[in-house]
Amino acid sequence: MPTILGQNQYGKAENRVVKITRDGATHHIKDLNVSVALSGDMDEVHYSGSNANVLPTDTTKNTVYAFAKEHGIESAEQFGIHLARHFVTSQEPIKVARIRIEEYAWERIAASDANSRFIGADEVKHSFVRKGQETRVTQITYDGEKWEVVSGLKDLVVMNSTNSEFWGYVKDKYTTLQEAYDRILATQVSARWRFNWTDDEQRMPNWEKSYEQTKKHMLQAFAETYSLSLQQTLYQMGSRIINNRSEIDEVRFSLPNKHHFLVDLEPFGLKNDNEVYFAADRPYGLIEATILRDGCEPKIPVDLTNL
């Protein structure tokens, strides 16, 4: 045979599931986009077309929705763990399950004072507006013995309007960029962090608290670092997470530098004292790095688009 089968997987991608939990008049929303990928003894379906070991992708889709009812959605991580365990333990040919989840957050709409005369502001507990800050993500991989949980976020746009400089860099004949001693620093954060929870004998992290605290430390480091480069800020963000969250061993960032250039207003007889900027969306500098707990090996893919 001139060819052999390499790595392969299959499943149902982007299953949108919205779970409403009704606690009396108070409702709670979990809004997920769940992708399932299964791998194992799948040689024959590729070589001969035999589906004897194939669980239909439609069944994996149905499982996502059924589990939302049967297990609820406590967190994206916990929901992914339920799914991964089920596929590996219930189907002998399946050796590894990988569950990828995006979570879209919602927040309650506050009632106006006028309406509160009729129904009471504290009684409006079923109306929501979609949060626009970021998309939460997680990837759960299970092989029947070991777990790997990599969570994170994407599309979190942050800005410091001062306390950022960029100077002293290498210059050659193609360099036109002027040194900056007071600039805007803005980026759209894509981050992934790997948990050191790997088996059922360990105490499982509190996934919801971990996410909120990790995001808090990340943002605080961004705000509190007097930045001489985006690389320096990135390192401080990752270090703050590692130093404060014992359940996390590795963090990887992809930070596009959302450039803001001072507009030349001199042709109009105006002085631009760091007030008016042109926001350029491309091309952009792209800063990427991994920060590790000392003694740990990197496992998060260098290319975050693989997650």
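Begin at the second largest pocket: its lining splits into seven nonpolar, five polar and 10 charged residues (Ala, Val, Leu, Ile, Met, Phe, Trp, Tyr, Cys and Pro count as nonpolar, Asp, Glu, Lys and Arg as charged, and the others, Gly among them, as polar). This is a predicted model, where local features need pLDDT of at least 70, side-chain atom pairs count only at pLDDT 80 or more, and totals for chains, interfaces and linings use all residues. Residues are numbered from 1 along each chain as its sequence is written, and side-chain values use heavy atoms, with hydrogens and water left out.

Now select helix 5 (residues 207-224) and helix 6 (residues 230-244): their axes come within 8 Å and cross at roughly 140 degrees. (Axes are lines fitted to C-alpha atoms, for helices over the stretch in contact, and angles run from 0 to 180 degrees between N-to-C directions; helices are DSSP runs of H or I with at least four residues, strands are E runs of at least two, and both are numbered from the N terminus.) The two helices are therefore oblique to each other (angles under 35 degrees count as roughly parallel, over 145 as roughly antiparallel, 65 to 115 as roughly perpendicular and the rest as oblique).

Next, show side chains where helix 5 meets helix 6 (contact means heavy atoms within 4.5 Å). On helix 5, pick residues including Thr-214, His-217 and Phe-222; on helix 6, their partners include Gln-236, Met-237 and Arg-240. By class, this contact has five nonpolar, six polar and two charged residues.

Last stop: the largest pocket, whose lining has 13 nonpolar, eight polar and four charged residues. Strand 10 (260-262) is one of the elements supplying at least two lining residues, and strand 10 gives the largest share, three residues.
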